[in-house]
Amino acid sequence: MAAGRPTLYKIEYIEKVHKLCLLGAKDTEIADFFGISESTLNLWKLEYQDFSESIKRGKVDADANVANKLYNRALGYEQKVDKIFQFQGEAVIVPTIDHIQPDTTAQIFWLKNRQPKQWRDKQEIESVNTNTNITADIDFQSFMQKATEDEIVRGGSMSAEEIQAIIKRES
């Protein structure tokens with residue numbers, strides 16, 4: 001090893017860095033915690049295999065934990081809860097089970113990330129006119145907002161030509 005300033009690295013950092021990663025710390029935050037630069041952190045990763053593995057394992061575990069919570073949120077779940085009541089002047093603890101309803105936002109997020117081609121906001125729309133084929137890549141939310149605004153102003157449903165006009169304006 002080349003002569004120079006002694007390293008600040010300590011073996012107990014392996015456990016500490018794992019815990020930091022479980023809390024969602026990024027490399028810049030890890031470096032700040034240890035009072036070093038990010039380049040020094042990167043050197044530690046290269047020089048100390050156990051330290052590097054601890055970071056990788058912590059980040060994978062944290063991501064898996066979040067993915068599991070998102071999955072449960074998307075499908076709904078049950079959780080045990082102790083409810084406290086008063087009965088004849090005495091506190092009574094009653095164990096119950098709360099049923100948490102599925103969350104459509106979590107479902108959409110999951111599907112957009114797992115199956116982006118089928119669940120993206122941008123859709124390709126082809127014209128039914130046989131003379132031309134129009135393919136437009138538009139922002140679906142923007143389109144729906146504009147279409148709704150136009151419908152409100154007009155007070156009725158929109159024709160295919162009106163929809164194409166909105167698509168052309170948005171493109």
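**Salt bridges and their surroundings**

Author: Asp98 and Lys83 are joined by a salt bridge whose closest N and O atoms lie 3.8 Å apart. Asp98 belongs to strand β2 (residues 90–100) and Lys83 to strand β1 (residues 77–87), so the bridge ties together parts that are 15 residues apart in sequence. A salt bridge here means a side-chain nitrogen of Lys or Arg within 4 Å of a carboxyl oxygen of Asp or Glu. Helices (H or I, at least four residues) and strands (E, at least two) are DSSP runs, numbered from the N terminus.

This is a predicted model, in which local features need pLDDT of at least 70 and side-chain atom pairs count only at pLDDT 80 or more, while totals for chains, interfaces and linings use all residues. Residues are numbered from 1 along each chain as its sequence is written, and side-chain values use heavy atoms, with hydrogens and water left out.

Asp98 is partly exposed, at 24% relative accessible area, and Lys83 is partly exposed at 34%. Buried means under 20% relative accessible area, exposed over 50%, and partly exposed in between (1.4 Å probe, protein chains only).

The structure holds six salt bridges. One of them pairs Lys56 with Glu53, with 3.7 Å between the closest N and O atoms. These two are three residues apart in helix α4, which means that about one helical turn separates them. Lys56 has a relative accessible area of 47% and Glu53 one of 35%, so both count as partly exposed.

The side chains of Asp27 and Lys45 also form a salt bridge (2.6 Å, N to O). Asp27 is in helix α2 and Lys45 in helix α3, so this pair ties together parts that are 18 residues apart in sequence. Asp27 counts as buried because its relative accessibility is 15%.

Lys45 is buried as well, along with Leu41 and Trp44 of helix α3 (residues 38–47). They cover an arc of only 100° around the axis, so they lie on the same side of α3; the arc is that of the directions from the helix axis to the C-beta atoms. The cover over the buried residues of α3 includes α1 (13–22), α2 (27–34) and α4 (49–75).

Phe51 is in contact (heavy atoms within 4.5 Å) with Lys45, Leu41 and Trp44, among others, not counting residues up to four places away in sequence.
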